[in-house]
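The following paragraphs guide a new reader through one protein structure. Please keep the sequence and the model in view while reading.

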Amino acid sequence: MKHIFVINPKAGRVDRTPEISAKLHSYDGKIDYEIYVTKSLGDAQGYVREYLKSHNPKEIYRFYACGGDGTLYDVVNGAYGFANAEVACLALGSGNDFVKNFHDLEAFQNIDREIAGKGKRIDLLKVDDKYCINITNYGFDGEVTFAQLKYKRRPFMNGPRAYKAAALHCFLFKMNQPLKVTADDQVLFDGKGLLVAIANGFCYGGGYHCAPEAKIDDGLIDVCLIKKVGKLKAAGFMKLFRKGEHITSSKTKNYVIYKRAKHVIVESNKPVAYAIDGEVFRKERIEVQMLPSALSFVVPAK
């Protein structure tokens, strides 16, 4: 097996490349490894895909996404479709939402445990021509993600703080819009709504539990749709949404549709903001398909 560390030097607040390089020197002669430092947004995706195309298809290559959820998104989209690829995550971002599915963030920040880890088959979501490892959010949350990227550039604005500031901005200026959601060929909702979270994992935005029942290996998409909510109601809603209590609380459950499916279509009458693992786009329509056991993801050793 070859170990390739794909480092995003802009992840978090400090470039961790020197620290990772120094640590890996202790593995000289023990494992076959190399380091690649990304040069621009999306660079990791192209690097991983070209690496796999040009190397021995019979050898196993483990790619470590050293960064945040955006770096992981790029590495996953580069590695998907190659049977000899594994993906690991050295969580260096401000949110690190996907690895929270394993309830042991510290393990994903420990290089020794990562190297000793084993691959586990997990699901992916195919979103049009892209691949999602955690959550695709459409509507209000897409707008929040757009705004979050701007707030994260400001001093002292980490993932959770930036998300809260972005949510407040969108609460004031961007709310409900026409949404049609179809799940497994049945219309689930057609009207004005706040957002749709299409989930493989259970949380995003620095810890908001939008799909608290989601599992990354059950072969099902968790769909959480929030109907039209007024500003006064939305203020209290976000507290329950963060904790994942929005699907059970008597205060909010009448505004929530929660369903599992294998195929989901979300449409609007205009281009709407949406995010795939934090990477932001705008479209009138997206189609999401479950890809069960699609990726070998490395779980750190105990």
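In which loop is Asp 277 found? Asp 277 belongs to the loop between β12 (263-276) and β13 (279-299). Strands such as these (E, at least two residues) and helices (H or I, at least four residues) are DSSP runs, numbered from the N terminus. The model is predicted, so local features need pLDDT of at least 70 and side-chain atom pairs count only at pLDDT 80 or more, whereas totals for chains, interfaces and linings use all residues. Residues are numbered from 1 along each chain as its sequence is written, and side-chain values use heavy atoms, with hydrogens and water left out.

The phi angle of Asp 277 is near 50°, a positive value in a residue other than glycine. Asp 277 is also buried, at a relative accessible area of 9%. Here buried means under 20% relative accessible area, exposed means over 50%, and partly exposed lies in between (1.4 Å probe, protein chains only). Ser 293 likewise is not a glycine and has a positive phi, of about 50°. This serine is found in strand β13 and is partly exposed, with a relative accessible area of 41%.

The chain as a whole may now be considered. Its secondary structure comes to seven helices and 13 strands. For 302 residues, a compact globule would have a radius of gyration near 19 Å, and the chain agrees with this at 19 Å. The radius is taken over C-alpha atoms, and the globule rule is 2.2 Å times the number of residues to the power 0.38. Along the principal axes, the C-alpha atoms fill a box of roughly 60 × 45 × 35 Å. Of the 302 residues, 55% count as buried.

Because Arg 62 lies in strand β3 (residues 61-67) and Glu 86 in strand β4 (residues 85-91), the pair ties together parts that are 24 residues apart in sequence. Arg 62 is buried at 2% relative accessible area, and Glu 86 counts as buried at 12%.

A further salt bridge brings together Asp 222 and Arg 260, at 3.5 Å from N to O. Asp 222 lies in strand β10 and Arg 260 in strand β11 (residues 256-261), so this pair links parts that are 38 residues apart in sequence. Asp 222 is buried, with a relative accessible area of 0%, while Arg 260 is partly exposed at 34%. Together with Glu 213, Asp 222 and Arg 260 form a network of salt bridges.

Lys 130 and Asp 129 also meet through their side chains in a salt bridge, at 3.3 Å from N to O. Lys 130 counts as partly exposed at 24% relative accessibility, and Asp 129 is exposed at 58%.

Which residues form a positive surface patch? The patch is made of Lys 150, Arg 153, Lys 174, Lys 192, Lys 228 and Lys 270. In such a patch, residues have over 30% relative accessible area and no salt bridge, and like charges are joined within 9 Å. Lys 228 is found in the loop between β10 (221-227) and α7 (231-243) and counts as exposed, at 51% relative accessibility.

Technical notes
Patch = residues over 30% accessible without salt bridge, like charges linked within 9 Å, V, L, I, M, F, W, Y side chains within 5 Å. Areas by Shrake-Rupley, 256 points an atom, 1.4 Å probe, with all protein chains shown as cover. Salt bridge = Lys/Arg side-chain N within 4 Å of Asp/Glu carboxyl O. Lys, Arg positive; Asp, Glu negative; His and termini not counted. Charge placed at Lys NZ, Arg CZ, Asp CG, Glu CD.
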